[in-house]
Amino acid sequence: LALLLSSLGNAPAPQAIIFKSGIIGTNETWTSNNVYVINGNLIVSAGVTITIQGDTVVKFDLGRYMDVFGTLVLTGTVPGDDVKFTSLRDDSYGGDTNGDGNATLPAPGDWDAIYIENSATTFQYGEVRYANLGVRGRRTRQVREQQLEPALAMDPDLVTLFSGTND
């Protein structure tokens, strides 16, 4: 019994589930001791900053998106400390948040995208899983002029660029 109680005392605290939807009009910090569920489309207003700590899990319900007119700040500092953006059906991060056991499995296209509407956001140390579009933002000319050189400066092993289909 002492061994059982000892091991229970060392168990990590359960993560709180915080639901988000609608319009965010004030600055917020999302912490790694919570799981954030985007259960309705989410808009970050212009002039508003959402800071997301490294190792935080953000799950999107089916078809949902985040539209960032303000600033999104990811504070992960090394690979493995990434902010995880994934499907609500993904139990590998944040556990069985939708409470269905193994009844559903995540799949590509489960949720829509994170739309970056300005240049105030730096999307580094973020892992995106099971999205339809992933992270979207600029037109081809803007990508070439503003993002190509900084991306190449990170000396990547592999780059996939998809841009300009709606230009």
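**Exercise 1. Determine how many bridges join strand S1 to S3, and in which sense the two strands run.**

Solution. Helices and strands are DSSP runs, helices of H or I with at least four residues and strands of E with at least two, numbered from the N terminus. Two strands pair if DSSP finds at least two bridges between them. Strand S1 covers residues 16–24 and is joined to S3 by eight bridges, the two strands running parallel. Within this pairing, isoleucine 23 stands opposite isoleucine 43 in S3.

The model is predicted: local features need pLDDT of at least 70, side-chain atom pairs count only at pLDDT 80 or more, and totals for chains, interfaces and linings use all residues. Residues are numbered from 1 along each chain as its sequence is written, and side-chain values use heavy atoms, with hydrogens and water left out.

**Exercise 2. Identify the bridges that S3 forms with S5 and with S6, and state how much of S3 is covered.**

Solution. Step one: S3 and S5 pair in the parallel sense over four bridges. Valine 35 has valine 57 in S5 as its bridge partner. Step two: three bridges join S3 to S6, and these strands also run parallel. Here isoleucine 43 stands opposite aspartate 67 in S6. Step three concerns burial, where buried means under 20% relative accessible area, exposed over 50%, and partly exposed in between (1.4 Å probe, protein chains only). Eight of the 11 residues of S3 are buried, so the strand is mostly covered.

**Exercise 3. Describe the overall make-up of the chain: its elements, its burial and its contacts.**

Solution. The chain has two helices and 11 strands. Read from the N terminus, the order is α-β-β-β-β-β-β-β-β-β-β-β-α. Of its 167 residues, 29% count as buried. For contacts, the criterion is heavy atoms within 4.5 Å. Among contacts between residues at least 6 apart in sequence, 49% join residues at least 24 apart.

**Exercise 4. Which residues of the largest nonpolar core touch the most other members, and which strand supplies the largest share of this core?**

Solution. A nonpolar core is a set of buried Ala, Val, Leu, Ile, Met, Phe, Trp, Tyr and Cys residues joined through side-chain atoms within 4.5 Å. The largest core has 21 residues, of which Trp30, Ile52, Val58, Met66, Leu72, Phe85 and Ile114 touch the most other members. At least two residues of this core come from each of S3 (34–44), S4 (49–52), S5 (57–60), S6 (66–68), S7 (71–74), S8 (83–87) and S9. S3 gives the largest share, four residues. In soluble globular proteins, nonpolar side chains tend to be buried together. Leaving aside neighbours within four places in sequence, valine 58 is in contact with Trp30, Tyr36, Ile38, Ile52, Val83, Lys84, Phe85 and Thr86.

**Exercise 5. Is aspartate 112 buried or exposed, and with which side chain does its own side chain make a polar contact?**

Solution. Aspartate 112 lies in strand S9, residues 111–116. Its relative accessibility is 16%, and it therefore counts as buried. A polar contact is a pair of N or O atoms within 3.5 Å; within protein, one must be able to donate a hydrogen and the other to accept it, and residues adjacent in sequence count only if both atoms are side-chain atoms. The side chain of aspartate 112 makes such a contact, at 2.7 Å, with the side chain of tyrosine 115. Beyond neighbours within four places in sequence, the residues in contact with aspartate 112 are Gly63, Arg64, Tyr65, Ala131, Asn132, Leu133 and Gly134.
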